[in-house]
Amino acid sequence: MDNRPALPPEIARRRTFAIISHPDAGKTTLTEKFLLFGGAIQMAGQVRAKGEARRTRSDFMQMEKDRGISVSASAMSFDFKNFRFNLVDTPGHSDFSEDTYRTLTAVDAAVMVIDGAKGVESQTRKLFEVCRLRDLPILTFCNKMDRESRDTFEIIDEIQENLAIDVTPASWPIGVGRDFLGCYDLLRDRLELIDRADRNRVAESIAIDGLDDPKMADHVPAHLLEKLREEVEMARELLPALDPQAVLEGHMTPIWFGSAINSFGVRELMEGIGTYGPEPQVQKAQPREIAPEEGKVTGFVFKVQANMDPKHRDRVAFVRLASGHFERGMKLTHVRSKKTMAITNPVLFLASDRELAEEAWAGDIIGIPNHGQLRIGDTLTEGEMLRVAGIPSFAPELLQTCRAGDPMKAKHLDKALSQFAEEGAAKVFKPTFGSGFIVGVVGALQFEVLASRIEMEYGLPVRFEPSQFTSARWMAGDKAAVEAFAAKNKQHLATDNDGDLVYLTRMQWDIDRVERDHPEIRLTATKEMM
Ligand code: G4P
């Protein structure tokens, strides 16, 4: 990271990140305030309001709303100061962890939001672990400080202990709950005071000359000031100082305290993302890595979303640009098929609405409407045969048989399921033996989502029934051995949507036995999507 050349300014100013949090910690509220300060919306509340309007368009979205979970991920771009932020939304529910995992392959950093009263919760921890697998830099926002929350040292300790990462305070809260007054900005020696009268107003910021500045007493009551001085002194002694390199390497997280709903602390966090967050990073690929400053455009698909607009039945492939300067109308090579695609109507997800992207740079996320050519894991280049690595497909943990309510429509079901497989919403296996489809997902809720989407989008009622199988493994290894095995075990075999061979079984014991008896065959629980 150190010896890299300076990036062109347009690329260097990009910050592409996701927010990870436990449901209810305040991700939506924080996103709204980001957009508010990013000038993308005039008034906070629009994201939700807009979401509502969009959701009424389909029952699928209705379901999302009823359950209070976000099933689909999207991307939003906005400017703050000199920076261009690309915020990629992650589905929060644990049932959609695979989708979340892939989303996190498209970002350079994560903002971890925790609730000041609850600390590190289960979903935060899971998502954090995913970030850690990729050494993603993490910036932390401790939200809801306007409510009764835990002691500041206790919160920091909990993060350090639970997540095994160094925590350094970027701000320090003054008072708590109803007495919460604001924060002392440890990085810039400023006093930030909360404005409770207007939730959308930016709180007051006062430059001061250290904690002993007499000006402090004008704003902070004596007992709170004394406590603040004591705590900050202790924090400076006990906690590590901010080390930007350690942040970039993912070993240290700076923490800001605030209240998203009161717009408090959000600007400081945004400045922090700009100052300490990473620039677009080098992307792992085969046969070589891709550096963002390379002149030629490369990008990869990390998400496909179908039927975003039911009127058009389009699919949008979300592409993270890994290098170069993209311009609308460019012809890019779709590496998997070796075909050239003219990208004539790319969209940028500006918070207001989707908009045609005239240009984009490494780090940006663009949407490419298409009819199914683009799949998750696909790489686009200006001709070089590069393939982005590391976008996994996981073996599903739950399998069910899917049948059309009307047997005459079985063919439509084939089409619908294959589309969802391409979207990455489910694994679809066609058994070599017998009829029907076996659908695999990571979380049970996905079956309901699928059934409701197939009905909505294809007018096709379907039933999910228990399958005789509980595990699926991709088969790899010596080709002749795999074929010989396949010929003898037809009742256990299926093909996935890409035509790859899959071994289905009821017992882990079976998997162990196959591996033991056939050392030249490998059964794998993940497959890299290419
Ligand atoms: P999520 O996306 O992470 O699930 O959380 P979301 O932003 O929806 O926030 C969850 C709840 O917490 C919301 O309340 C929201 O208003 C509240 N909240 C967010 N930030 C703060 C904060 O800084 N202080 C306080 N006190 N509350 C905060 P709700 O009642 O579920 O929804 P709503 O009726 O307020 O929209």
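**Ligand shell, helix packing and sheets**

Of the 16 residues around the ligand, Lys 27, Thr 28, Thr 29, Ser 259 and Ile 261 come nearest. The structure is a predicted model. Helix α2, spanning residues 27-37, supplies the largest share of the shell around the ligand, with three residues. By residue type, the shell comprises four nonpolar, seven polar and five charged residues.

The protein chain contains 15 helices and 33 strands. Of its 530 residues, 44% count as buried. Among contacts in the chain with a separation of 6 or more, 70% are between residues 24 or more positions apart.

Two packed helices are described by the angle between their axes and the distance between the axes. Helix α2 packs against helix α11 (residues 266-276) at an angle of about 75°, and the two axes are 10 Å apart. Because angles of 65 to 115 degrees count as roughly perpendicular, α2 is roughly perpendicular to α11. On the α2 side the contact is made by Leu 30, Lys 33, Phe 34 and Phe 37, and on the α11 side by Val 266, Arg 267 and Met 270. These contact residues divide into five nonpolar, no polar and two charged. Eight of the eleven residues of α11 are buried, so α11 is largely enclosed by the rest of the structure. The buried residues of α11 are Val 266, Arg 267, Glu 268, Leu 269, Met 270, Gly 272, Ile 273 and Tyr 276.

Burial is also found in strand β5 (residues 138-143), where six of the six residues are buried, so this strand is largely enclosed by the rest of the structure. Both of its faces are covered: Ile 138, Thr 140 and Cys 142 are buried on one side, and Leu 139, Phe 141 and Asn 143 on the other. Strand β4 (residues 109-115) runs parallel to β5 and is joined to it by six bridges. Within this pair, Thr 140 of β5 stands opposite Met 112.

Four strands form an open antiparallel sheet in the order β7-β8-β9-β10. The edge strands β7 (171-174) and β10 (204-207) each have a single partner strand, so one side of each is left without a neighbour in the sheet. Neighbouring strands are turned by 20° against each other on average, direction ignored. Strands β8 (residues 182-185) and β9 (residues 190-193) are antiparallel and joined by four bridges; Glu 192 in β9 is the bridge partner of Cys 183. Helix α9 (residues 222-238) lies across β7 and β8, at about 150° to β7.

A further open sheet is formed by eight strands in the order β28-β25-β27-β26-β30-β31-β29-β32, with antiparallel pairing. Its edge strands, β28 (462-466) and β32 (521-524), each pair on one side only. In this sheet, neighbouring strands are turned by 40° against each other on average, direction ignored. Strand β26 (residues 427-431) pairs with strand β30 (residues 493-495) in the antiparallel sense over two bridges, and Pro 431 has Ala 494 in β30 as its bridge partner. Helix α13 (residues 445-458) lies across β25 (398-404), β27 (437-441) and β28, and runs at about 155° to β28.

Note on methods:
Residues are numbered from 1 along each chain as its sequence is written. This is a predicted model: local features need pLDDT of at least 70, side-chain atom pairs count only at pLDDT 80 or more; totals for chains, interfaces and linings use all residues. A residue is near a molecule or strand if its C-beta atom, placed from the backbone, lies within 6 Å of it. Ala, Val, Leu, Ile, Met, Phe, Trp, Tyr, Cys and Pro count as nonpolar, Asp, Glu, Lys and Arg as charged, and the others, Gly among them, as polar. A residue is buried if 20 or more other C-beta atoms lie within 10 Å of its own, exposed if 12 or fewer, and partly exposed in between; C-beta atoms are placed from the backbone. Two residues are in contact if their C-beta atoms, placed from the backbone, lie within 7 Å. Axes are lines fitted to C-alpha atoms, for helices over the stretch in contact, and angles run from 0 to 180 degrees between N-to-C directions. Angles under 35 degrees count as roughly parallel, over 145 as roughly antiparallel, 65 to 115 as roughly perpendicular and the rest as oblique. Two strands pair if DSSP finds at least two bridges between them.
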